[in-house]
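Dear colleague,

Please find below the structure I am handing over to you. My notes on what was found in it follow directly after.

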Amino acid sequence: MAKYIAMLRGINVSGQKLIKMADLRESMTRLGLENVATYVQSGNILFNTQETDLRVISERISSQIKKDFTFDVPCIVRSAEYFKKVLTNNDFLQQGRDEKRCYVTFLEEEPDPMHVQKIDSQQYAPEEFIIKGDLLYFYSPDGYGKAKMNNNFFEQKLRVKATTRNWNSVNKLYELATQ
């Protein structure tokens, strides 16, 4: 049975869409996921399941949250193996950039190249991004809180659902998934 990581978009942020992690774990267990664990309050769920279709898993999780907590929460699911790829392909770190200023935006799907080309990255300097398939690596020297290009920005410009995690969280999620 494979290990997966579900990343919820926009829960427990600024007092919105509040879910206690104990309640979330219970909800996911009722859904039939096994070995359910959570990491931090922003909605990271680690679990095992027989299901292998990531979209099916994501839709089931979102539906269960809607049923149990009454609000819509986008969910992006990736395998633990996928996270290994994420950790080894960050060009910003290979360039010696500060990992505390590196972020990963997980995209629901690979964006249309036409939408990517419309972003004038020079307009947002010194922030930078690199898209690799359904992953967006983001570097913000002033930190994410002050970033002009944030999760909402990328969702609107690329026209795909997305959720962002800092580099530390990405590392920790992989570590927890492979224990």
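Aspartate 134 sits in the loop that runs between β6 (128-132) and β7 (135-139). Please bear in mind throughout that the model is predicted. With a relative accessible area of 19%, aspartate 134 falls under the 20% cut-off and therefore counts as buried. Its side chain makes a polar contact of 3.2 Å with the side chain of arginine 78. Leaving aside residues up to four places away in sequence, aspartate 134 touches Arg78, Tyr82, Thr105, Phe106, Leu107, Glu109 and Glu110.

Two of these neighbours, Arg78 and Tyr82, also meet each other: arginine 78 lies over the face of tyrosine 82, 5.2 Å from the ring centre.

I turn next to the aromatic residues. The whole structure contains 10 aromatic pairs. One of them is formed by phenylalanine 83 and phenylalanine 106, which are stacked, with 5.3 Å from centre to centre and 25° between the planes. This pair links distant parts of the chain, since phenylalanine 83 belongs to helix α3 (residues 80-88) and phenylalanine 106 to strand β5 (residues 102-107), 23 residues apart. Both phenylalanine 83 and phenylalanine 106 are buried.

The pair of phenylalanine 129 and phenylalanine 154 is edge-to-face, because the planes of the two rings stand at 65°, with the centres 5.3 Å apart. Phenylalanine 129 is in strand β6 and phenylalanine 154 in helix α6 (residues 151-158), so this pair ties together parts 25 residues apart in sequence. Both phenylalanine 129 and phenylalanine 154 are buried. They also belong to one aromatic cluster, together with Tyr103, Tyr124, Phe138, Tyr144 and Phe153.

Helix α6 deserves a paragraph of its own. Which residues of α6 are buried? They are Asn151, Phe153, Phe154, Glu155 and Leu158. An α-helix has 3.6 residues a turn, so residues three or four places apart point the same way. The buried residues of α6 pack against β5, α5 (113-117), β6, β7 and β8 (162-166).

After α6 comes arginine 159, which has a positive phi, near 60°.

With kind regards

Conventions: Residues are numbered from 1 along each chain as its sequence is written. This is a predicted model: local features need pLDDT of at least 70, side-chain atom pairs count only at pLDDT 80 or more; totals for chains, interfaces and linings use all residues. Side-chain values use heavy atoms; hydrogens and water are left out. Helices (H or I, at least four residues) and strands (E, at least two) are DSSP runs, numbered from the N terminus. Buried means under 20% relative accessible area, exposed over 50%, partly exposed in between (1.4 Å probe, protein chains only). A polar contact is a pair of N or O atoms within 3.5 Å; within protein, one must be able to donate a hydrogen and the other to accept it, and residues adjacent in sequence count only if both atoms are side-chain atoms. Contact means heavy atoms within 4.5 Å. Rings of Phe, Tyr and Trp (its six-membered ring) pair if their centres lie within 6.5 Å; planes under 30 degrees apart count as stacked, over 60 as edge-to-face and the rest as tilted. A charge sits over a ring if NZ of Lys or CZ of Arg is within 6 Å of the ring centre and within 35 degrees of the ring normal.
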